[in-house]
Amino acid sequence: MLTTDPGGRAGGAERRRNLALMLQRVHLSPATRSELTRESGLNRSTVGALVADLAARGLVVEDEPAAGGQVGRPSPVVRAGERPVAIAINPEIDAITVALVRLGGEVLAVERTPFDAAPSVDEAVAAGAAAARRLLARQPDRQPVGAGLAVPGVVRAADGVVRLAPHLGWRDVPLAARFAEALGVPAAAANDAALGARAEGLFGAGRGVADLIYLNGGASGIGGGIVAGGVPLTGATGHAGEFGHTILAPTGAKDTLGVPGTLEAAVSRQALLRVLHLDSATPERLEAALTASDDPAVAHEVERQVNALATAIANAVTVLNPARVILGGSLSALAAVAGPRLEALVADRALPGIDERVEIRRSELGSRILLIGAAELAFGPLLADPSGHLPR
């Protein structure tokens, strides 16, 4: 039985902090009780009580470890619970993708609803909410704790208002509130690439790296996220990381905001699809098509885009001095076919000395990355204070 304080939550402030500490650690990866004890600095009985509390809430489960020849009784393995899920939503100009993601960053089920043209807000909310309901109906044992929205645009983190999503044609839209009303669960929204950076930092190519840049190429252009000193760098209004609209040259093609010579105008997923004669493609399919192509026109377009991307990365490396640059979406596909050339160009153009320790990596999470990042938004309140969660 759970004990509650007068505020209706298990234990006092210290206990709530310790519950959060345990859940946050297990969210990253399974751990034995012995590991939790050693890493937290708490004693074994306290860790045991905290784990039992979380298990009673359905937030963790304990598995008996396989015999490994160790002396003494093996420590049970604590892992994230199966029932709590986040509803992850990623609206784009050609589709809205909805997933159920459980603690630990595991994507359980995905549904993609295509659009012939960029959806209106009403269309996106209706389609996204309907897809979420279908996914939950197929997995009735899951308990949604909230919804997270990965939006290709400028989002005010405090209230989930989309200030500007130029490719979608949305401006000053209370998107989080709209989805919260439609789904009946709390909802939050943030820039998609910023969430991608968070996901890669927790579960992908950025694990263990305190300073990184994530760049994503998608149907709505190029976005980015920054982690500095282990903390997401959001800027004064939460809009940091808009690398796609940085200017590489004062002339050239214009981006969706009408600005000439930007990274987004020069490095385009749509241009790659055009030379490959594809209407659309997942990042994985785009990579396969680029790898298989021997068309000189494709090779020329790849070379042109890699040249522009290298300049943008070199500028970012010079300014931010990251240990790692992670490329996702269509940018990962470019790196798959021209990685050595990209690395050589960045090394040549970045400030000498700064580039010596930077690594350029491809995303490890693939097409799941934005869904995992969106789920982190939904899980945020639960991970910060699990004491208010009761199993259904």
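Me: Is Val325 buried or exposed?
Reply: Val325 is buried, with a relative accessible area of 1%. Bear in mind that this is a predicted model.

Me: Which strand is Val325 in?
Reply: Val325 sits in strand β15, which covers residues 324-329.

Me: And what is Val325 in contact with, leaving aside its neighbours within four places in sequence?
Reply: The contacts of Val325, with those neighbours left out, are Ile213, Ile313, Val317, Val358, Glu359, Ile360 and Arg361.

Me: How many Å apart are Val325 and Ala299?
Reply: From C-alpha to C-alpha, Val325 and Ala299 are 24 Å apart in space, and they are 26 residues apart in sequence.

Me: Another strand residue, then. Where is Thr97?
Reply: Thr97 belongs to strand β5, residues 95-102.

Me: Buried or exposed? I mean Thr97.
Reply: Thr97 has 16% relative accessibility. The cut-off for buried is under 20%, so Thr97 counts as buried.

Me: What does Thr97 touch, leaving aside its neighbours within four places in sequence?
Reply: Thr97 is in contact with Ala88, Ile89, Asn90, Val110, Glu111, Arg112 and Leu371, once those neighbours are set aside.

Me: Changing topic: how many residues are in the largest nonpolar core?
Reply: The largest nonpolar core has 47 residues. Leu23, Leu36, Leu103 and Phe379 have the most contacts inside it.

Me: Which helix gives the most to this core?
Reply: Helix α12, residues 369-384, gives the most to this core, contributing 11 residues.

Me: What is Leu36 in contact with, apart from its neighbours within four places in sequence?
Reply: Leu36 is in contact with Met22, Arg25, Val26, Ala31, Val47, Val51 and Val78.

Me: On to helices. At what angle do α1 and α3 cross?
Reply: The axes of α1 (residues 13-28) and α3 (residues 44-56) cross at roughly 75° and come within 10 Å. That angle makes α1 roughly perpendicular to α3.

Me: Which residues make the contact?
Reply: On the α1 side they are Arg15, Asn18, Leu19, Met22 and Leu23. On the α3 side they are Val47, Ala49, Leu50, Asp53 and Leu54. By class, the contact of α1 with α3 has 7 nonpolar, 1 polar and 2 charged residues.

Me: Where is Ala55, and is it buried or partly exposed?
Reply: Ala55 is in helix α3. Ala55 counts as partly exposed, at 33% relative accessibility. C-alpha to C-alpha, Ala55 is 9.2 Å from Ala80 in space, while the two are 25 residues apart in sequence.

Me: Next pair. At what angle do α4 and α5 cross?
Reply: Helix α4 (residues 121-138) and helix α5 (residues 175-183) have axes that cross at roughly 40° and come within 10 Å. The two helices are therefore oblique to each other. The crossing of α4 and α5 is right-handed.

Me: What makes that contact?
Reply: From α4 come Val121, Asp122, Ala124, Val125, Gly128, Ala129, Ala132 and Arg133. From α5 come Leu175, Arg178, Phe179, Ala182 and Leu183. The residues of the contact of α4 with α5 divide into 9 nonpolar, 1 polar and 3 charged.

Me: How far apart are the axes of α9 and α11?
Reply: The axes of α9 (residues 283-292) and α11 (residues 330-349) are 9 Å apart, and the helices pack at an angle of about 30°. That makes α9 roughly parallel to α11. Here α9 passes α11 in a right-handed crossing.

Me: Which residues of α9 and α11 make the contact?
Reply: Pro283, Leu286, Glu287, Leu290 and Thr291 of α9 meet Ser330, Ala333, Leu334, Ala336 and Val337 of α11. The contact of α9 with α11 comprises 7 nonpolar, 2 polar and 1 charged residues.

Me: Last topic, backbone angles. What is phi of His277?
Reply: Phi of His277 is near 60°, a positive value in a residue other than glycine. His277 lies in the loop between α8 (269-276) and α9. With a relative accessible area of 68%, His277 is exposed.

Me: And what is phi of Asp172?
Reply: Phi of Asp172 is near 50°, a positive value in a residue other than glycine. Asp172 is in strand β10, residues 170-173, and is partly exposed, with a relative accessible area of 44%.

Terms used
Residues numbered from 1 in each chain as written. Predicted model: local features only at pLDDT ≥ 70, side-chain atom pairs only at ≥ 80, totals over all residues. Heavy atoms only, no water. Axes fitted to C-alpha atoms, helices over the stretch in contact; angles between N-to-C directions. Helix = DSSP H or I, 4+ residues; strand = E, 2+ residues; numbered from the N terminus. Parallel < 35°, antiparallel > 145°, perpendicular 65-115°, else oblique. Contact = heavy atoms within 4.5 Å. Nonpolar A, V, L, I, M, F, W, Y, C, P; charged D, E, K, R; others polar. Core = buried A, V, L, I, M, F, W, Y, C linked by side-chain atoms within 4.5 Å. Buried < 20%, exposed > 50% of the residue type's maximum accessible area, 1.4 Å probe, protein only. Left-handed = near helix turned anticlockwise from the far one by under 90°.
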